[in-house]
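Below is a short briefing on one strand, its neighbours and the ligand. Please keep the sequence and the model open while reading.

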Amino acid sequence: MRELVREHRIDPAQLVQPLFVVENPKDAGPIASMPGIERFTLQGAVHEARTLDALGLGAVLLFGIPETKDAAATKNYDPAGIVQQTAREIKNALPHMVVIADLCNCEYTDHGHCGILNERGDVDNDSTVEVLTRTALTYARSGVDVVAPSDMMDGRVRAIREALDAEDFEETAIMSYSAKYASAFYGPFREAAGSTPQFGDRRTYQMDPSNGREALREMALDAQEGADILMVKPALAYLDVVRAARDRFDLPIALYNVSGEYSMIKAAAHNGWIDEERAVHEMLVSFARAGANIVITYFAKEYAARSR
Ligand code: PBG
C-alpha cells in the first residue's frame, strides 16, 4: 500500500552523471576527496559512457581538464580540445546518448577564475561572454546536445543562443546554471578539476547564499534569454529555491547535487555513521519532492545500478 500511494519516485532516466575527462592521461585516476569518482582518459570516458547508457541514465555532463592553462582560456575553444574530442567519440559510439558539456573557463584559466580578467584583476563580464560563445560553438560542432554555462556572467544565455542559431544549431539546447551560489560545497570539485581560484573568490559572480528572491530574478532573465533548462546549485541547502522555481516557471528545473554533498555522505558512510543507501535515496527523493525534474549527481551511476 505504501508503494501504491507513493508520491515521488526517482527514475535513472532523470539522473545525470558528471564525468571528468583529462587531456593528459597522466592526470587520470581516483579523486581522493570524492571516493568512487575518478578522472577519465578520453577512452576511459567513452567506456564509462557505455556503462552509464546501459544503466539507463539520462545523460552525462562533461568536464574537461586540459593539459595546459593560460590567462585567456584558449584551450577551451580548441576544436581538438578534450571536451570536444570526448563528445565526438561518445556521440559516435552512442548516438542516442544525451551529452551535456559544462561551459566555463575556470578549468582553462591559469588563475582559476571563471572569466577573463581586466587590468584591475576583476573578471570582465563581456570578454568572458565572448569566449563562452566561441567555446559553445566548438561544443555544438562536436555533437554536444546541451551546453551548460556555469559561469554566472550576465547576458551569456542570449549571446550563446544567438551564436548557435546563426550557425544552424537551433537544436542545441542550453541548460543554464541560473542560480549558482558562492558555496563551500564545491570544495572537492575544485580539487578534481584543478580549478581553485589562485586569488580572491567567486563572490563577485556567484550568488549570496542569503538570497532567495535574487535566484528567481536570475532564472527569469535566463528564461527570457532563451534557456531551455534552468538549474539551481548546490542542492541540499537550496531546496526552497527549487520549490519556488518549480512553482513559477514552466521550464524543466535541474538541480546540481554537488561534490561536497557527495563527499559528506561518502565520508559519514565510510565511518559507519550513516547508512549510505538509505541516505542517498532519502536525499534524491527530497529533490523530486522539491520539484526538480533533472538531478545531476555523482551518485547517479551507483543509484541506477541499485535500482535495476
Ligand atoms: C564551474 C563549476 C563548478 C562546479 C560545476 N561547474 C565549480 C565552481 O563554481 O567553483 C561545481 C560542481 C561540484 O562541486 O560538484 N565550472
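Strand E5 (residues 98-103) is largely enclosed by the rest of the structure, because five of its six residues are buried (under 20% relative accessible area, with a 1.4 Å probe and protein chains only). Strands (E, at least two residues) and helices (H or I, at least four) are DSSP runs numbered from the N terminus. This is a predicted model: local features need pLDDT of at least 70, side-chain atom pairs count only at pLDDT 80 or more, and totals for chains, interfaces and linings use all residues. Residues are numbered from 1 along each chain as its sequence is written, and side-chain values use heavy atoms, leaving out hydrogens and water.

**Strand pairing**
- E5 runs parallel to strand E4 (residues 59-65), joined by four bridges; two strands pair if DSSP finds at least two bridges between them.
- Ile100 in E5 stands opposite Leu61.
- E5 also runs parallel to strand E8 (residues 146-149), again through four bridges.
- Asp102 has Ala148 in E8 as its bridge partner.

**Ligand**
- The side chain of Asp102 has an N or O atom 3.3 Å from a nitrogen atom of the ligand.
- An N or O atom in the side chain of Arg202 is 2.9 Å from an oxygen atom of the ligand.
- For Lys233, a side-chain N or O atom is 3.3 Å from a ligand nitrogen atom.
- The protein buries 100% of the 400 Å² that the ligand exposes when taken alone (Shrake-Rupley method, 1.4 Å probe).

Technical notes
Buried means under 20% relative accessible area, exposed over 50%, partly exposed in between (1.4 Å probe, protein chains only). A polar contact is a pair of N or O atoms within 3.5 Å; within protein, one must be able to donate a hydrogen and the other to accept it, and residues adjacent in sequence count only if both atoms are side-chain atoms.
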